Amino acid sequence: MIKATKSIDNVTQNLLAIEQKVVEDIRITSDDCLYLYEHAELGFVGKLANLVRERKNGNYTFFNRNFHIEPTNICVFDCKFCSYSRLLKEKEEGWELSEEQIIEKVKSYEGQAITEVHIVGGVHPKMGLHYFASLIKKIKEIRPDLHVKAFTAVELEYMCRKAKVSYKEGLQILKDHGQGSLPGGGAEIFDETLRAQICEDKATTAQWLEIHETAHSIGMPSNATMLYGHIETFAHRVDHMNRLRELQDKTGGFNTFIPLKFRNKDNQMSHIAEVSVVEDLRNYAIARIFMDNFNHIKAYWPMIGRSTAQISMNFGVDDVDGTIDDSTKIYSMAGAEDKNPALTTEELVELIKQGGRIPAERDTLYNIIKDYSAA
Ligand code: V47
Ligand code: SF4
């Protein structure tokens with residue numbers, strides 16, 4: 001009995017010591033972060049994450065007006081968690097958009113105040129660096145105002161290897177043709193042993209980090225993700241976030257960190273149960289507390305769902321991505337509730353307001369386009 005009381009006291013004391021650091025704006029260590037994952041309840045981390053969130057972003061929640069282009073779901077890789085890709089041999093279930101179809105899609109947004117196109121897809125052996133560079137140039141000719149956020153480090157590693165250019169050369173070619181930034185996908189979980197189990201054949205952790213570092217060095221910012229809630233432990237999450245935090249200390253080139261919840265429909269890891277919403281919120285909150293050099297934490301609403309995205313704004317999240325316009329299939333194929341993800345700007349604004357925050361429409365680089373404080 002006495003022993004139990006003593007151990008509760010120790011935990012409380014340790015948590016209070018971490019709380020003190022956060023309140024005083026002192027960086028917490030990886031050990032502190034692991035301690036939060038192992039011992040802290042949602043309410044505790046939520047309060048601290050909210051403090052950090054409001055210190056960095058006040059009462060704002062950011063969103064943008066965007067759409068996705070997924071040129072193909074044919075992929076040479078075979079990630080165990082992926083519900084989306086079709087191997088070359090299963091071509092009948094796959095799609096490949098032609099250049100004309102992609103251009104038509106961009107043209108269909110003519111006159112609309114969209115600010116970003118997010119281009120990402122499977123790794124197709126025939127869609128290479130020069131094809132995509134010329135595609136981006138054509139998109140920019142039609143819509144010079146559109147920010148092109150394109151290609152995960154996994155796609156880029158493959159493109160550069162096939163084109164026999166260094167990452168720096170490849171990225172410079174894409175930049176010269178109009179690409180503005182990189183999305184955060186392909187990071188999955190950095191621990192090499194785990195990576196070998198869930199996505200053994202694609203870009204390694206070292207390559208992912210090198211590509212993002214190189215992009216930052218030539219003035220292309222990027223995002224970072226973490227796929228959580230599968231076979232990883234809390235220690236693996238801490239290790240993943242720590243590697244990102246270290247790179248961010250070096251370059252300052254990451255815009256936002258996006259935890260991605262593993263969804264278990266129709267993939268080779270379907271036997272793994274999805275984690276609870278409480279765990280999702282704890283994860284956002286702990287990420288917000290630990291990633292002190294990331295200005296933004298994003299809840300990607302098509303994946304996490306509208307309600308959880310709304311609640312997450314009280315657990316460290318200050319960005320809910322964009323209007324999407326029913327242009328992505330990655331998450332609906334993996335089991336997300338929204339089969340046709342699209343929100344009008346008005347709906348997104350309402351979702352943020354109802355969650356008690358001030359909506360701010362942003363561009364890709366987080367410059368505010370419209371502040372809804374007064375609206
Ligand atoms: O890398 C694939 C993930 C990512 C599943 O940068 C899955 O703004 C959960 O990175 N369950 C691609 N996740 C998407 C991505 C992204 C999305 C939105 C915004 C941004 C951004 C980036 O999707 C992949 C992988 O981690 N993924 N399958 C699944 N079953
Ligand atoms: Fe291919 Fe990306 Fe799916 Fe992996 S996650 S199989 S790289 S589409």
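Guide: Let's settle one word before we start: contact here means heavy atoms within 4.5 Å. Also keep in mind that this is a predicted model.

Now to helix α14, which runs over residues 345-354. Its buried residues are Thr345, Leu348, Val349, Leu351 and Ile352. They span an arc of only 160 degrees around the axis, so they end up on the same side of α14. What do these buried residues of α14 pack against? Their partners are the strands β1 (60-64), β9 (319-322) and β10 (358-362), along with α12 (301-304) and α13 (306-312). Just after α14 comes Gly356, with a positive phi of about 85 degrees.

On to ligand 1. It has 24 residues around it, and the closest are Phe81, Lys149, Gly184, Gly186 and Glu188. A polar backbone atom of Phe81 is 2.8 Å from a nitrogen atom of ligand 1. For Lys149, an N or O atom in the side chain is 2.7 Å from an oxygen atom of the ligand. Gly185 has a polar backbone atom 3.2 Å from an oxygen atom of ligand 1. On its own, ligand 1 would expose 620 Å², and the protein buries 95% of that. Two elements, β6 (222-228) and β7 (254-261), each give two or more residues to the shell around ligand 1. Sorted by type, that shell has 10 nonpolar, eight polar and six charged residues.

Definitions and conventions. Residues numbered from 1 in each chain as written. Chains lettered and ligands numbered in written order. Predicted model: local features only at pLDDT ≥ 70, side-chain atom pairs only at ≥ 80, totals over all residues. Heavy atoms only, no water. Buried < 20%, exposed > 50% of the residue type's maximum accessible area, 1.4 Å probe, protein only. Helix = DSSP H or I, 4+ residues; strand = E, 2+ residues; numbered from the N terminus. Arc of directions from axis to C-beta. Near = heavy atom within 4 Å. Polar contact = N/O pair within 3.5 Å; in protein donor to acceptor, adjacent residues only side chain to side chain. Areas by Shrake-Rupley, 256 points an atom, 1.4 Å probe, with all protein chains shown as cover. Nonpolar A, V, L, I, M, F, W, Y, C, P; charged D, E, K, R; others polar.
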